[in-house]
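I opened my notebook to record what I looked up in this structure. The entries follow in the order I made them.

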Amino acid sequence: MEKRGIKTAAQNRKAFHDYYVEERYEAGIELAGTEVKSIRAGTLNLKDAYCAVKDGELFVHGMHISPYEKGNIFNKDPIRTRRLLMHRREIRKLHALVKQDGYTLVPLSVYFKDARVKVEIGLCKGKKNYDKRTAAAQRDARREMDRAMKTRGR
């Protein structure tokens, strides 16, 4: 019997720091069996991952899935390029946007949806350094206000 619901396996926090996420898309991913077991164990890193369109297909580069301990000869290269599964017209639309408008495709998270591995892809625009500093200042101010409210409430 398949498990129901969504269980997050990994998130790319660095993407939210470095980019503005304009739109989000869901894609399937082509994996080997030992890679799925490794993802279930939580040994997945999206830190430097990005997506690219080549010959009408969408690929993810730089996604690190550690080899499965009990996998022996069936283990694949941890940072190999993996194909993402989306409808052809969606891939064409993303490719057109990336080519002309200065957008990039970044994997935001990997999760299980009804026992299938899915990748959430963000159509992102890069942040400048001053944007990052502004975001950090706002986050710190919000944290300080929350602390002040918490101590006042006691």
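I began with terms: helices (H or I, at least four residues) and strands (E, at least two) are DSSP runs, numbered from the N terminus. I noted that this is a predicted model, where local features need pLDDT of at least 70, side-chain atom pairs count only at pLDDT 80 or more, and totals for chains, interfaces and linings use all residues. Residues are numbered from 1 along each chain as its sequence is written, and side-chain values use heavy atoms, with hydrogens and water left out.

**Entry: overview**

I listed four helices and nine strands in the protein. Along the sequence I read the pattern β-α-β-α-β-β-β-β-β-α-β-β-α. The C-alpha trace spans about 60 × 45 × 25 Å along its principal axes.

I looked up burial next. Of the 154 residues, 32% are buried (under 20% relative accessible area; exposed is over 50%, and partly exposed lies in between, with a 1.4 Å probe and protein chains only).

I then checked contacts (heavy atoms within 4.5 Å). Among those between residues at least 6 apart in sequence, 68% join residues at least 24 apart.

**Entry: helix α3**

I picked α3, which covers residues 88-101 and has 14 residues. From first C-alpha to last, α3 reaches 20 Å, close to the 20 Å expected at 1.5 Å a residue. The expected span is 1.5 Å times one less than the number of residues.

Which residues of α3 are buried? I found Ile91, Leu94 and Leu97. They sit on the same side of α3 because they cover an arc of only 130 degrees around the axis. That arc is taken from the directions from the helix axis to the C-beta atoms.

I turned to the face of α3 directed away from its buried side. There I noted the exposed residues Arg88, Arg89, Arg92, Lys99 and Gln100.

What covers the buried residues of α3? The cover includes β2 (19-29), β4 (50-54), β5 (57-61), β8 (104-113) and β9 (116-126).

After α3 comes Gly102, and I read its phi as positive, near 75 degrees.

**Entry: Asp55**

I reminded myself that most residues other than glycine have a negative phi. Asp55 is not a glycine, yet it has a positive phi of about 55 degrees. I located Asp55 in the loop between β4 and β5. Is Asp55 buried or exposed? Asp55 is exposed, with a relative accessible area of 71%.
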